[in-house]
Amino acid sequence: MTRDLVVQFLAQGAQMTLVLLIAPLAVGVVRRVKARLMRRQGPPLLQAYLDLAKLLRKESVIAEGASWLFRSAPYLIFALTWVAAALVPSFASGLMFNWAADVVALVAVLGAARALLALAGMDVGTSFGGIGSSREMMIATLAEPAMMLIVVTLAIAAGTTRLAGVADFFIAEPFAVRVSLALSLISLVIVALAENARIPVDNPATHLELTMVHEAMVLEYSGRHLALIEAASHLKLALYLSLLICLFAPFGMAPATAGLSGWAIGLAAWIAKLLAGAVLLGVWEVSIAKMRVFRLPDFVGIAFVFGFIAILLAFLTRGVFA
Amino acid sequence: MNQAYEIAHLLAGVMLVTSFALLYQERVAAVLNAFAAQSITLALAVAWAAWSDDRPDLFITALIALTLKGIVIPVALHRTVARLGIHREVEKVVGVGAALMVGLALTGLAQALVLKVATGMASHAREDLALALAIILLGFLMMIVRRNAVTQVVGFMSMENGLILAATGARGMPLVVEVSVAFSVLISLFVFAVFVFRIRERFDTVDLEALDRMRGDRR
Amino acid sequence: MGGALPGPGSGPTPFSLIAFDAARSVYDAPVIAFFVAIASLTTLIVVHRLSERRTRRGPAWDCGFPDPSPATQYTASSFAQPLRRVYGAAAFAAQETVVMPPPGDMRPARFSVVVVDHLWRVFYAAPGRAVIGLSERLNVLQFLTIRRYLVLMFVTLVILLSIAAVTT
């Protein structure tokens with residue numbers, strides 16, 4: 001019994017470490033794909049790791065008016081995002097932590113991280129921080145209700161809001177295209193783009209302050225604080241990619257009872273799918289332009305509408321997969 | 001046994017009649033006399049209950065009612081009225097006829113209520129209770145349809161009479177309660193007398209309407 | 001759905017503090033808090049081991065345009081500006097009026113926006129006015145005479161007795 005428990009514990013720890021280690025690689029893949037598609041050489045795939053290492057080595061410059069919130073927020077943001085990432089099934093479903101929280105708790109933990117980031121952005125009192133925070137909150141008011149609708153659709157389909165339970169349901173069911181799931185897939189993709197500050201919502205590589213949302217909030221950070229925030233945003237991207245994978249393409253994921261071989265297969269499948277998702281994200285970002293900030297309600301509103309229609313359709317067709 | 005109840009009802013009925021009498025009096029002296037009559041009747045009723053139910057402690061109650069409320073207080077109030085030169089007439093808010101009509105309605109209400117509420121009691125006890133409740137309500141009515149401060153005091157004390165009558169009907173009113181009630185009556189009398197004295201000294205009148213005018217509450 | 005819930009502490013992990021039902025989803029706040037605490041501590045320790053510990057205080061960067069006047073800082077209403085702009089037409093019944101004089105006219109152009117906060121209007125301002133009006137009417141009760149108060153008491157008593165006589 002205790003040996004089983006220790007193994008479970010180690011598996012959860014391994015999942016957390018792995019997702020942390022893979023995330024910068026995924027970001028590197030995205031950047032490389034974008035550069036190659038624009039006929040540039042592009043940075044090496046491991047550039048994100050090198051950037052983090054460089055930032056950790058540098059001295060941190062803190063603005064004179066900054067408070068304890070500014071200094072402690074990066075640690076908390078990173079920890080919250082990491083805990084949220086531990087919740088999403090990656091190579092195996094049914095790990096230990098998933099019994100403590102469901103998708104709604106995941107959204108809440110990410111929302112707490114976002115709130116801290118917005119506060120830290122406003123802390124120094126500069127106007128750019130204010131721009132970033134207020135726009136981030138506006139995007140949140142649009143994206144989080146859509147996320148909730150997606151959660152409800154999944155709960156109607158799978159009968160539970162526990163992520164591992166939903167993943168198990170989608171592993172077990174035959175691979176059938178249901179319109180409600182397709183609509184919630186589109187909705188979740190839009191929400192993921194909004195939450196991760198990707199084009200068309202926000203340009204992660206911009207240097208123009210008035211087009212920044214996420215970057216404007218972290219404008220004053222440097223050194224190890226900036227390293228933590230960057231790592232948190234990489235982790236959030238890996239989290240959302242894992243979420244999309246585990247919900248809509250879960251083949252290869254090991255169920256809770258599989259042994260080491262099952263986990264190895266699950267791990268390989270997960271890494272492959274994650275990098276494939278990163279490639280797709282890169283292609284998408286190159287193909288579309290960033291929207292004006294006040295056109296975003298229309299864009300994210302599509303996610304809301306699709307989520308709502310998905311719920312209605314799920315109710316109607318519930319008898320099919322009862 | 002029957003005769004005991006008949007006499008008790010008779011005495012309670014006389015008390016009710018004196019309550020009505022309190023309502024239609026025109027002069028303060030007559031009001032005080034009616035109150036004295038009511039208190040003496042109360043003393044008789046309590047004494048009768050003491051004798052017929054064999055409860056000796058009620059004799060003390062009867063004695064207190066007789067001395068305090070039947071003799072001492074009316075005499076003291078007579079003297080106060082004479083010394084202060086309070087109006088000999090009682091100013092009315094509502095005419096005599098209307099007040100008597102309302103009194104009748106209240107008596108009917110008391111009857112109906114007791115019939116409804118006290119279903120488990122014996123019928124003679126119910127009658128007593130109904131009469132006592134009617135006396136209480138009539139005392140209250142007197143307080144609100146007369147403008148004189150002295151008559152308000154008298155109305156209050158006739159409410160007390162009704163309460164004591166109701167309490168004698170109930171089983172066992174301990175002596176301590178009786179004594180405390182008597183003391184509270186005494187003290188309230190003194191308070192009222194002092195106030196009336198002071199008002200009279202200050203304003204040369206105890207007519208409530210005149211006092212209202214002076215205070216500026218013209219209605 | 002699930003059967004009877006077992007007592008607390010019977011979850012699948014040894015430090016589950018809540019009742020557990022396999023068919024439902026659960027939310028175990030202490031475990032989440034515990035994980036967040038562990039993650040924060042780990043982050044703190046590892047980052048302080050691996051990184052440069054020095055910090056320096058300097059002026060705010062602000063993209064090279066520092067302006068420390070309070071007028072440039074974000075207030076509550078400026079924080080809400082994107083929300084007002086996005087939801088103004090829908091939730092706040094925002095109305096714009098533009099007055100544009102013809103060319104050659106020396107008057108300035110005017111642009112005004114009226115934003116109505118419906119929550120304030122319905123749930124705070126209207127009950128507030130009602131309460132103030134009602135209390136002004138009821139204030140009369142402070143200034144009655146003793147006899148009138150007695151009348152109030154008497155009427156209440158009679159009404160209650162009548163109700164008791166009729167309904168019990």
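What percentage of contacts in chain B between residues at least 6 apart in sequence join residues at least 24 apart? Keep that question in mind as you look at the first view. Everything shown here comes from a predicted model.

**Figure 1. Chain B is built from helices, with 8 of them and 0 strands.** If you walk along chain B from the N terminus, the elements read α-α-α-α-α-α-α-α. Of the contacts in chain B between residues at least 6 apart in sequence, 73% join residues at least 24 apart, and that settles the opening question. Chain B has 219 residues, and buried residues make up 40% of them.

**Figure 2. Helices α1 (residues 2–24) and α2 (residues 28–53) of chain B cross at roughly 165 degrees.** The crossing angle makes α1(B) roughly antiparallel to α2(B). The crossing of the two, α1(B) and α2(B), is left-handed. To find the contact, look in α1(B) for residues including B:Ala4, B:Leu11, B:Met15 and B:Leu22. On the α2(B) side, the residues that meet α1(B) include B:Val31, B:Phe35, B:Leu42 and B:Trp48. Sorted by class, the residues of this contact between α1(B) and α2(B) are 18 nonpolar, 5 polar and no charged.

Figure 3. Chain A has 322 residues, and 54% of them count as buried. Among contacts in chain A between residues at least 6 apart in sequence, 82% join residues at least 24 apart.

**Figure 4. Helices α7 (residues 179–195) and α11 (residues 296–316) of chain A cross at roughly 155 degrees.** Their axes come within 8 Å. The two helices, α7(A) and α11(A), are therefore roughly antiparallel to each other. Which hand does the crossing of α7(A) and α11(A) have, left or right? The crossing is left-handed. Among the residues of α7(A) that meet α11(A) are A:Leu183, A:Ile186, A:Ile190 and A:Val191. On the other helix, α11(A), you can look for A:Phe299, A:Ile302, A:Phe306 and A:Leu313, among others. The contact of α7(A) with α11(A) counts 15 nonpolar residues, 4 polar ones and no charged ones.

**Figure 5. Helices α2 and α9 of chain A pack with their axes 7 Å apart.** The angle between α2(A) and α9(A) is about 155 degrees. These helices, α2(A) and α9(A), are therefore roughly antiparallel to each other. From α2(A), the residues that meet α9(A) are A:Ala48, A:Leu52, A:Leu55 and A:Leu56. Their partners in α9(A) include A:Arg224, A:Leu226, A:Glu230 and A:His234. By class, this contact of α2(A) with α9(A) has 7 nonpolar, 2 polar and 2 charged residues.

**Figure 6. Chain A meets chain C through 50 residues of chain A and 42 residues of chain C.** The elements of chain A that each give two or more residues to this side are α2 (47–57), β1 (60–63), α3 (68–87), α4 (103–123), α5 (127–158) and α9 (223–248). The side of chain A that touches chain C divides into 27 nonpolar, 13 polar and 10 charged residues. Strands take part in a pairing as well: β1(A) and strand β1 (residues 55–58) of chain C pair in the parallel sense over 4 bridges. To see one spot in that pairing, find A:Ala63, which stands opposite C:Gly58 in β1(C).

**Figure 7. Chain C also touches chain B, with 12 residues of chain C in contact with 12 residues of chain B.** The chain C side of this contact has 8 nonpolar, 3 polar and 1 charged residues.

**Figure 8. Strands β2 (residues 95–99) and β3 of chain C run antiparallel and are joined by 5 bridges.** One place to look is C:Val98, whose bridge partner in β3(C) is C:Phe111. Is strand β3 (residues 110–114) of chain C largely buried or largely in the open? Of its 5 residues, the number buried is 0, so β3(C) lies largely in the open.

How values were computed:
Residues numbered from 1 in each chain as written. Chains lettered and ligands numbered in written order. Predicted model: local features only at pLDDT ≥ 70, side-chain atom pairs only at ≥ 80, totals over all residues. Contact = placed C-beta atoms within 7 Å. Nonpolar A, V, L, I, M, F, W, Y, C, P; charged D, E, K, R; others polar. Axes fitted to C-alpha atoms, helices over the stretch in contact; angles between N-to-C directions. Parallel < 35°, antiparallel > 145°, perpendicular 65-115°, else oblique. Left-handed = near helix turned anticlockwise from the far one by under 90°. Buried ≥ 20, exposed ≤ 12 C-beta atoms within 10 Å, placed from the backbone. Pairing = 2+ DSSP bridges.
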